[in-house]
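Hi,

Here is the structure I promised to pass on. Have a look at it first, and then read my notes below.

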Amino acid sequence: MQSADPNVLTFMFRGSTEERDVFSRAVDLFQEREGIQVNIISTSADQYATKLQTAILGNRAPDVFYFDAARATAYMTNGVLADISPYVESTSLPVDDIWPDGLDLYRFDGDRRGQGPIYGMPKDLGPFSFGYNKTLFEEMGVEPPDPDVPLDWDQFLERCAQLTGDRAGSGQTDTWGTSVNVGAEIHAYMWSNGADWLDEELRTVTVDTPEFAEALQYIVDLREVHGVTPSINDTEGLDGYQRWLRGQIGFFPVAPWDLTLYRTLDFEFDLCPYPVGATGKPATTIGSLGIGVSANSSKPDLAAELAMFLACDPEAQAIIVGEGQTIPNTRSHAAEWVKDTSVEPQNKQEYIDIVEDYGRFVPDMLTYTPEWIHAFHTNLQPVLEGRRDVVEYLGETQRTMQGFLDGGHEQFRIDQEANS
Amino acid sequence: MSTSTMTAEGAATATTAPVGAKRGGAQGRRGNIHRPERIWGRIFITPPVVGFALFALAPLLFSFYASFTHWNGLSAPLFSGTDNFRTMAADPQFWQSLGNTVFLMLGIPIGLAISLALALALNRRIPGRGAFRVIYYLPGVSSVAAISILWQWALNGDFGLLNQLLGMVGIEGPNWLAEKAWVKPALIIMGVWKGIGFSTLLYLAALQSVPRNLLEAAMLDGAGAWRRFLHVTAPMLSPVTFFLVVTGIIGGAQMFAEINIMTPTGGPEFGSATIVWYIWQQGFQNLKLGYATAMSLVLGLMIFVVTAIQFYLNSRNVFTVE
C-alpha cells in the first residue's frame, strides 16, 4: 500500500461518510502545506479492522493509519508501529497541548502502557458523557439534573420514575427514565461504586466484588424491579437508542460523535454527570483511536508529521471539530470551544471534566487482547432479565474471564520474547 | 497348395511386415499430428494448474504448518507443536460453536422436504406456476447481507413480521434473536427460506426427467400414485437429493455472514456462534491466527470425512436413468 515515491504518503482511516469527508479536507490542507501527495484509503468502521489486519499480514501496512487503542499493545510489541518520539520532540506542531492522558495512552516501554516512547497520536478522545432530554423533562414536569452536582442512585431512580409514563395517553408506557446499554454504560455505574474490572497490575479480574455486584444489580433492577427502562420486548422493538432519538427517553449517553445527529432532533438536550454510587464521584469511559506510523514506512518523518498534524494542528483541528464529531484534541482549543453556546450542548464543560477529571480508559484498551472482557457479556443476558443471580454469575464469570486474561498475558509473553 | 500356401504365408508375411511398418508410420504421424495439440493442451491447462498450486495448494500447505504454530498475524509464526490442538480439545466455545453448526444443519432435511413438496406442486399444470418458480428462486439470488438484515426485522420480537403472523392465530411469538432457545430455530427458518428456491429448481428439473414409460409401466402393473412416487420417482430423484445434501452440509459448515450480521456477538449465551464465525473471531479479533488455522484444518477434515461417508453410502444406493 505504500508508494515508492518519496513525496507520496498513504493514509488509511475509517469512519462515517461525514467523518471521512472531514478528515479528507484536513489531509488536503496537509498536502498543500507540505507540497506532497497523500493517497487516502478509507473504509466503513465495520470493515476497517479486518482490512488493516490483512494489510499488516501481507507486510503492506500504509504509512499512516488509524488503529484501535485495544490493539495498541500488540502492534507495539510486534513491531507494527514506529516509535515516533524523535519526531514528536523535534516538531513545531503543538503536541504538548494535546490532552496528556491521550498522549500517554500511546506510550509503551515494552512492558507497560502509559510510559516510555510514543507510538501514536490520539486521533481524538471520546468522553462518553451522560445527557438528558430537556424537552421531555419540561413536558413531564421533572426537575432537570444539576450540571455540577451529580445525582446519587436513589435520586436518579426517583427522577427516572417521574419520567416514566404514558405521555400520549394511549394506555401504554411510552416514556422511560433511561435505557441502559450495559456494554457501554456498566463502567460508569460500577466505577462510581468503587468497583473495577482489573487490579492495578492488570493481572487479576475483580468483578466478583460486592461493589461490582451492587452496581450490576442496580442496573438490572432499573428494569426488572422499577420498570424505569424499556422492557426486553420494548427494546427488541425499538432499542434504547432509537427510542431516545424519538424523544421517549429521559437520560441517555451523549457522546461527541452523536452530536451532529442529535442536533437535528425535535427536542433539546444537554449534558450532565452520570449518577453516583458509593464513592460519591461520577465516572465514565473515555474512548480513543490512535493514528500510527508503520514501522515499515520509508518516509517515517513525513508520516509522523501527518499523524501529528491531524492530532493537533490548529487549522486541521478547526476543520475536524467544526463538524461536531469530536471534542478538541488540544487544551487551548478546548478552552475556547466550551465557551461557544451557539450550538448544543450548552454544558460542553462536562466533556472537558470527563477528560480532565473523572473519565477513565476501559482496561481492555491496555491489555494484550480484549477477549477477557467479551467473556463478561457472553452469558449476561439471563442476569439482565433477572433470571440468574448476579453474585453467582459474577463469581462464575470471574473465573472464565481470568482464564482469558491469563491467556492474553501468555500470548504477550511469547510475543515479547519472539520480538526481543 | 504349397505355392498357394507359401503364397498365402508369403502374403501373410508380406502383409504383416508392411502392416507393422505402416502401423509404426501411422503412430509416428499421429504423434506428430497430435503433438501441437498436446502442447496447446498443456498451455491451456497451465493457468488453472498454476492458479490451483498458488492459491489453493500452497495456502493449504502453509495452513497445515501454521496450525502447529503460535501465530498472531502480526509477526512470524513460532512453532508450538500440538498446543493449538490441545487448546481446541479443551475449549468449550469451540465445541459449542461446532454443536451450534451441526444443530443449524437440521435445516437441510427440513428444506429438502419442503422443496420436494413444492417441486411436486410446481410440476403440475397449476395457474401461475412460472411466477411461483421465480418467487421461490428470488432469495437464492439475493445478497446474504440484505437477506440477513431483512430477517433481523422479520424476527423482531415486538413488531416483526413473523410474530405478527403468529399473533393472528393467537400465538405470542418469542424474542427470536434474543433468546437462547429460539435463536437457532430462527436461523434455521431463515436458512430454509433462503435455500428453498435452488433446491426446488433442481428437484423440478429432476422430476421432469423421470421417464414417463417407467411411470406408465408401473401404472399398468397396478401401482397407485403413492407407490409410483415411492418406487419410481423418489429413487430417480436420489442423485439430486445426494447433491443437495452434500452441498448443504458443506455450505452449512461454513455459515458465517448471516451470523455476523444478525447476531454479531455470537448470539445470546453464544447460542448462534457457528464454527466459521468463531474461527474468524479468534483469528482476526483475538490475534490467534495459528489457533484459527488449526480449527480451520479440523473443520476441513470433518467436512472431508462426512462427504466421503456420504459418497460411500450413495455409491450403494444411487439410481440413475441409465
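A:Leu202 is partly exposed, because 18 other C-beta atoms lie within 10 Å of its own. (A residue is buried with 20 or more other C-beta atoms within 10 Å of its own, exposed with 12 or fewer, and partly exposed in between; the C-beta atoms are placed from the backbone.) You'll find A:Leu202 in the loop between H8 and H9 of chain A. Helices (H or I, at least four residues) and strands (E, at least two) are DSSP runs, numbered from the N terminus. The phi of A:Leu202 is near 60°, a positive value in a residue other than glycine.

Before going further, a word on what you are looking at. This is a predicted model, so local features need a pLDDT of at least 70 and side-chain atom pairs count only at pLDDT 80 or more, while totals for chains, interfaces and linings use all residues. Residues are numbered from 1 along each chain as its sequence is written, and chains are lettered from A and ligands numbered from 1 in the order in which they are written.

A:Asn59 also has a positive phi, near 60°, and is not a glycine either. A:Asn59 sits in the loop between helix H2 (45-57) and strand E3 (64-68) of chain A. On the peptide bond side, A:Glu344 and A:Pro345 are joined by a cis bond, with omega about -5°. A:Pro345 belongs to the loop between helix H15 (331-337) and H16 of chain A.

Helix H8 (residues 182-192) and helix H9 (residues 210-224) of chain A have axes 9 Å apart and pack at an angle of about 130°. (Axes are lines fitted to C-alpha atoms, for helices over the stretch in contact, and angles run from 0 to 180 degrees between N-to-C directions.) H8(A) and H9(A) are therefore oblique to each other; angles under 35 degrees count as roughly parallel, over 145 as roughly antiparallel, 65 to 115 as roughly perpendicular and the rest as oblique. Their contact has nine nonpolar, no polar and no charged residues. (Ala, Val, Leu, Ile, Met, Phe, Trp, Tyr, Cys and Pro count as nonpolar, Asp, Glu, Lys and Arg as charged, and the others, Gly among them, as polar.) A:Ile186 and A:Tyr189 are among the H8(A) residues that meet H9(A), where the partners include A:Phe212 and A:Leu216. Two residues are in contact if their C-beta atoms, placed from the backbone, lie within 7 Å.

Next, look at helix H16 (residues 349-358) of chain A, whose buried residues are A:Glu350, A:Tyr351, A:Asp353, A:Ile354, A:Val355 and A:Tyr358. Among the elements covering them are strand E6 (121-127), strand E10 (269-272) and E11 of chain A. Strand E11 (residues 284-293) holds A:Thr285, which counts as buried because it has 22 C-beta neighbours inside 10 Å. What does A:Thr285 touch, not counting residues up to four places away in sequence? The partners are A:Phe128, A:His187, A:Gly359, A:Arg360 and A:Val362. A:Val362 is 77 residues from A:Thr285 along the chain, yet their C-alpha atoms are separated by 6.4 Å.

On to chain B, which has 13 helices and two strands. Of its 322 residues, 27% count as buried. Helix H4 (residues 107-122) and helix H8 (residues 180-208) of chain B cross at roughly 45°, and their axes come within 7 Å. H4(B) and H8(B) are therefore oblique to each other. By class, their contact has 14 nonpolar, seven polar and no charged residues.

The two chains also touch, with 25 residues from chain A and 19 residues from chain B in the contact. The chain B side divides into eight nonpolar, nine polar and two charged residues.

Last, the confidence scores. The model scores ipTM 0.81 and pTM 0.83. Chain B averages a pLDDT of 86, and 88% of its residues score at least 70; pLDDT is the predictor's confidence in each residue, from 0 to 100. Over residues 1-24 of chain B the pLDDT is below 50, and that stretch has zero contacts in the model beyond near neighbours in sequence.

Cheers
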